[in-house]
Amino acid sequence: MDLKSNEPFWLLKNGLLASYPSLKSNEKCDVLIVGGGITGSLIAHQMIEDGYDTILIDKRELCNGSTSATTSMLQYEIDVPLYELIEKIGEKGAVLSYKACSEAIDTLEKLSKMIKANAGFKKKKSLYFASKKKDAEWLKKEYQARKENGFEVQWLEAGQVLEKFEFENTYGGILSKQGASIDAFQFAHELFMHNVKKGLKIFDKTEMVKVEEHKGFNLVTVNSGYQIKAKKIIYCIGYESKNLLKENFVNLKSTYAVVSEIDKDKFKNISSTLIWNTDDPYLYMRTTDDGRMLIGGGDEDFYDAGKRDALLNKKEKEILKNLKKIKPDYHFYPDFVWAGTFGETKDGLPYIGEHKKMKNSYFVLGFGGNGITFSVTGMEMASLFMKYKKHPLSRYFKFGR
């Protein structure tokens, strides 16, 4: 019997963890957060911690957008290699960006412990291996850049990768000490529940349809006709920001993921390591806390959800073919296959900051493979925004950079 599902694994694994009412009255607040995914949960937590009267709305049920489709690989490595990012934006900004992502993993661990989350947060190492002989040269350059800037890394030759991970047809790689994985869908829900007890108001199936800007506040009208008077709005809407901001600041990509049947014995040697390679688009994999293997890749330009999802079968075969190159003797039994959409920027960095066309507003848009860790940095940045202060990374993450 074919039990494979094209629904995101996390959505089916967790089911409906919580539901919230839609907005049925006029409200007012210090901060209105638009977007109820993992980013919205983190920013809401920060606003409640800082003592602001906070409301969060989402047009869907919570976490049913990109958060349900994320692979939740928590890496400090940005999609643009460190040595390339140094060339693009300078050493200071590049190293700061990488270190912020590294610190974000530790912050997520502390936050997970603080709220006693059951979302399977697990510290892991990260292996970034060369899939082609020609890639090994620049990957060694990347290794040197990281080592020189204080990151705990080790270079593995091809034979060491084979011995340690049983991966064939590799040409060496970088083994990093810092990394982690989590069930972001469950964690976001747990963080929401934690903060609802502290006064956070949440309204799902509540879509913002109009914003009127006034001196010192914005008046937001939602699809039910009710209004929210907010001193500040923080947008945590990811790639859907393209519908709000018309300039071309991000390219939308489709990515595909496959999850195996439970097989706790086959991947013991990589259960504590995140894996990705130098292919373009790159192959990436991690184990889940219930003993499955999650593999993703096949990224390509996004046009619409229908065309994206029509490629599921083709992309599944493509991903498993790439797996066969490094694990030729392993037969992968897929249980779930799904597609997601994410944003890719010119420098691999997020857009976190104010926008000149939107008054009393702030954006936390964690694009790329580091969306979750960028959003953790966004917590601190949004907190400073509310106090009319700047973060050291503001100039590197700003619109119009």
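**Figure 1. Residue N360 in strand β19.** N360 sits in strand β19, which covers residues 358-365. The model shown here and in the other views is predicted. The phi angle of N360 is near 55°, a positive value in a residue that is not glycine. N360 counts as buried because its relative accessibility is 17%, and the cut-off for buried is under 20%.

**Figure 2. Residue K215 between β10 and β11.** K215 belongs to the loop that runs between β10 (208-214) and β11 (217-222). With a relative accessible area of 83%, K215 is exposed; the cut-off for this class is over 50%.

**Figure 3. Packing of helix α2 against helix α7.** Helix α2 comprises residues 38-49 and helix α7 residues 184-196. Their axes are 9 Å apart and form an angle of about 25°. The two helices are therefore roughly parallel, since angles under 35 degrees fall in that class. The crossing of α2 and α7 is left-handed. On the α2 side, the contact consists of I38, G40, S41, L42, H45 and I48. These meet A184, F187, A188, L191, F192, H194 and N195 of α7. By class, the residues of this contact are 8 nonpolar and 5 polar, with no charged residues.

**Figure 4. Packing of helix α2 against helix α10.** Helix α10 is formed by residues 371-386. The axes of α2 and α10 are 9 Å apart, at an angle of about 35°. The crossing of α2 with α10 is right-handed. From α2, the contact involves I38, T39, L42, I43, H45, Q46 and M47. From α10, the residues are I372, S375, V376, G378, M379, A382, S383 and M386. The contact of α2 with α10 divides into 9 nonpolar and 6 polar residues, and no charged residues take part.

**Figure 5. Residue T345 and its surroundings.** T345 is located in the loop between β17 (334-344) and β18 (351-355). T345 counts as buried because its relative accessibility is 9%. When neighbours within four places in sequence are set aside, T345 is in contact with F249, V250, Y351, F367 and R401.

**Figure 6. Residue C63 between β2 and β3.** C63 is placed in the loop between β2 (54-57) and β3 (73-74). C63 is not a glycine, yet has a positive phi of about 65°. The relative accessibility of C63 is 1%, so C63 counts as buried.

**Figure 7. The cis peptide bond between D280 and P281.** D280 and P281 are joined by a cis peptide bond, with omega at about 0°. P281 is part of the loop between β14 (273-277) and β15 (284-287).

Note on methods
Residues are numbered from 1 along each chain as its sequence is written. This is a predicted model: local features need pLDDT of at least 70, side-chain atom pairs count only at pLDDT 80 or more; totals for chains, interfaces and linings use all residues. Side-chain values use heavy atoms; hydrogens and water are left out. Axes are lines fitted to C-alpha atoms, for helices over the stretch in contact, and angles run from 0 to 180 degrees between N-to-C directions. Helices (H or I, at least four residues) and strands (E, at least two) are DSSP runs, numbered from the N terminus. Angles under 35 degrees count as roughly parallel, over 145 as roughly antiparallel, 65 to 115 as roughly perpendicular and the rest as oblique. A crossing is left-handed if the near helix is turned anticlockwise from the far one by less than a right angle, and right-handed if clockwise. Contact means heavy atoms within 4.5 Å. Ala, Val, Leu, Ile, Met, Phe, Trp, Tyr, Cys and Pro count as nonpolar, Asp, Glu, Lys and Arg as charged, and the others, Gly among them, as polar. Buried means under 20% relative accessible area, exposed over 50%, partly exposed in between (1.4 Å probe, protein chains only).
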